Amino acid sequence: MKMQKHLLIGLLILAVSSTSVMAVEGGNPRKGKYLFKKNCKTCHVEGAEGGNLTPLEKTMSQWERYFKKKKHNPDSWSELTEQELLDINQFLFDHAVDSDQPETCG
Ligand code: HEC
């Protein structure tokens with residue numbers, strides 16, 4: 001009886017931790033949208049140096065990895081705090097091409 005309970009708890013922990021492998025959490029997507037327009041769109045529109053960029057550009061896991069690994073040229077992200085980057089990451093993740101609400105940033 002006791003063994004079974006431990007097994008159940010173990011499975012629960014496993015389930016929770018494996019879903020959090022692919023998730024961006026703790027960001028505010030509404031702030032993120034605003035920050036994205038304000039800080040990223042300057043370079044990321046058609047014809048500008050970064051080219052057009054919307055959340056649809058990548059999948060959820062690609063957005064998560066892109067921010068985790070800080071793949072961007074750091075100079076253009078240097079004025080953003082960790083929290084602001086998390087907000088932007090949340091917005092992009094929430095509206096990624098394979099998300100529940102794929103969205104372009106209008
Ligand atoms: C000062 C200009 C500038 C700013 C500001 C800027 N970027 Fe970029 N970004 C670039 C350039 C140039 C590239 C392409 C060349 C490269 O990868 O070095 C790029 C590439 C990218 C890519 C890779 C695109 C791909 O096809 O994989 C992503 C994603 C990206 N930027 C996201 C962002 C986000 C999010 C922000 C705002 C937090 C941002 N950028 C702000 C200039 C900028």
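Visitor: What makes up the lining of the largest pocket, by class?

Guide: By class, that lining holds 12 nonpolar, eight polar and six charged residues, where Ala, Val, Leu, Ile, Met, Phe, Trp, Tyr, Cys and Pro count as nonpolar, Asp, Glu, Lys and Arg as charged, and the others, Gly among them, as polar. Please bear in mind that this is a predicted model, in which local features need pLDDT of at least 70 and side-chain atom pairs count only at pLDDT 80 or more, while totals for chains, interfaces and linings use all residues. Residues are numbered from 1 along each chain as its sequence is written, and side-chain values use heavy atoms, with hydrogens and water left out.

Visitor: Which residues are the closest to the centre of the largest pocket?

Guide: The largest pocket has a volume of about 430 Å³, and of the 26 residues that line it, the closest to its centre are Asn39, Cys40, His72, Ser76 and Trp77.

Visitor: Which residues are the protein donors of the iron atom of the ligand?

Guide: They are His44 and His72, each through its NE2 atom, lying 1.9 to 2.0 Å from the iron atom, and a donor is an N, O or S atom within 2.8 Å of the metal (3.2 Å for Na, K and Ca). His44 lies in the loop between α2 (29-40) and α3 (60-68) and His72 in the loop between α3 and α4 (82-94), so the pair ties together parts that are 28 residues apart in sequence.

Visitor: Why is the arrangement around the iron atom called octahedral?

Guide: Six donors count as octahedral if opposite donors are over 155 degrees apart and all others between 65 and 115; the six donor atoms here subtend angles of 87 to 180°, which makes the arrangement octahedral.

Visitor: Why do the rings of Trp63 and Tyr66 count as a pair, and of which kind?

Guide: Rings of Phe, Tyr and Trp (its six-membered ring) pair if their centres lie within 6.5 Å, and planes under 30 degrees apart count as stacked, over 60 as edge-to-face and the rest as tilted. The centres of Trp63 and Tyr66 are 6.3 Å apart and their planes stand at 80°, so the pair is edge-to-face. Ring pairs also link Trp63, Tyr66, Phe67 and Trp77 into a cluster.

Note on methods:
Tetrahedral: all angles 85-135°; square planar, octahedral: opposite > 155°, others 65-115°. Helix = DSSP H or I, 4+ residues; strand = E, 2+ residues; numbered from the N terminus. 1 Å grid on protein atoms, 1.4 Å probe; cavity = no way out; pocket = protein on both sides within 12 Å on 5 of 7 lines; lining within 4 Å. Points joined across faces, edges and corners; volume = space filled by probe spheres on them.
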